[in-house]
Amino acid sequence: MSTDGGGAGGGETPRVPTNMTIYINNLNEKIKLDELKKSLHAVFSQFGKILEVLAFKTLKHKGQAWVVFEDVSSASEALKRMQGFPFYDKPMRIQYAKTKSDIIAKADGTFTPRERRKRHDERAERKKREQHHDANQAGLGLNSAYSGAYGAVPPLAQMAYGGGGAKSMLPETPALPNNILFVQNLPHETTPMMLQMLFCQYPGFKEVRMVEAKPGIAFVEYGDEMQSTVAMQALQGFKITQQNSMLITYAKK
């Protein structure tokens, strides 16, 4: 199917045919390019696999970006759900891209043939699985008794919010459901704004708190435990980057 130009009758967006690439404008131009791309990836990867996020430094392309999904249904869901979403204090305007993503990539010098890109993605996925397996075998103090709906929590991480002491290191005693979530395994470049954009999509969101001295963890507060549970279930295992799947548990009080 061609994704170029032209009108298409009967679709969600009559002027541009549905395709795998969405075009976003009205983005905050003060945000650094690298942070913008990472934040876009973090927010949109909940809708499906992203092949690439494109944004350029040139004046002509300021405040704009393209997100290329692996399939049309993911792009359509993202367009529908995120239209008008307040991204860095500005509502996003989203439509299907008028041009093929490869044309944009060639213009930026980042073009990769689809087959080669697919092989690269498969290699990266395989490497990530191997690293995850190695980490689990490296004696991080994980206890299979704690593995369950929310995965295993390293004792050191539990100490970060359990108040210290031997008791807080016991993996058999996960925190009871409450309105504050404890989020782990975040990439070190994660900002409170990136997390806020993810978690504020769910009702009852209050705030994100990060601990400067302990990168990779955060606390997210909701109005009540039912609201925090909905957010936990929706974002459990969410990948901010390909290497980092969020691990979410209830915070110990």
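Residues are numbered from 1 along each chain as its sequence is written. In this predicted model, local features need pLDDT of at least 70 and side-chain atom pairs count only at pLDDT 80 or more, while totals for chains, interfaces and linings use all residues, and side-chain values use heavy atoms, with hydrogens and water left out.

The secondary structure comprises 7 helices and 12 strands, taken as DSSP runs numbered from the N terminus (helices H or I, at least four residues; strands E, at least two). Of the 253 residues, 41% count as buried, that is, under 20% relative accessible area with a 1.4 Å probe and protein chains only (exposed is over 50%, partly exposed in between). Contacts are defined by heavy atoms within 4.5 Å. Among contacts between residues at least 6 apart in sequence, 65% join residues at least 24 apart.

The largest nonpolar core contains 50 residues; such a core is a set of buried Ala, Val, Leu, Ile, Met, Phe, Trp, Tyr and Cys residues joined through side-chain atoms within 4.5 Å. The residues with the most contacts inside this core are Ile22, Leu40, Phe44, Phe87, Met92, Phe199 and Met246. Leaving aside residues up to four places away in sequence, Phe199 touches Leu181, Val183, Phe205, Val220, Tyr222, Ala231, Leu235, Met246 and Ile248.

Helix α1 (residues 33–44) and helix α6 (residues 192–199) have axes that come within 9 Å and cross at roughly 25°. Axes are lines fitted to C-alpha atoms, for helices over the stretch in contact, and angles run from 0 to 180 degrees between N-to-C directions. The crossing angle therefore makes α1 roughly parallel to α6 (under 35 degrees; over 145 is roughly antiparallel, 65 to 115 roughly perpendicular and the rest oblique). Lys38, Ser39, Ala42 and Val43 of α1 meet Met194, Met197 and Leu198 of α6. By class, this contact has 5 nonpolar, 1 polar and 1 charged residues.

Helix α2 spans residues 72–82 and includes Ser74. Ser74 counts as buried because its relative accessibility is 6%. Not counting residues up to four places away in sequence, Ser74 touches Phe47, Gly48 and Phe69. The buried residues in α2 are Ser74, Ala75, Ser76, Ala78, Leu79 and Met82, and what covers them includes β1 (21–25), α1, β3 (65–69) and β6 (93–96). After α2 comes Gly84, whose phi is positive, near 80°.

Methods:
Ala, Val, Leu, Ile, Met, Phe, Trp, Tyr, Cys and Pro count as nonpolar, Asp, Glu, Lys and Arg as charged, and the others, Gly among them, as polar.
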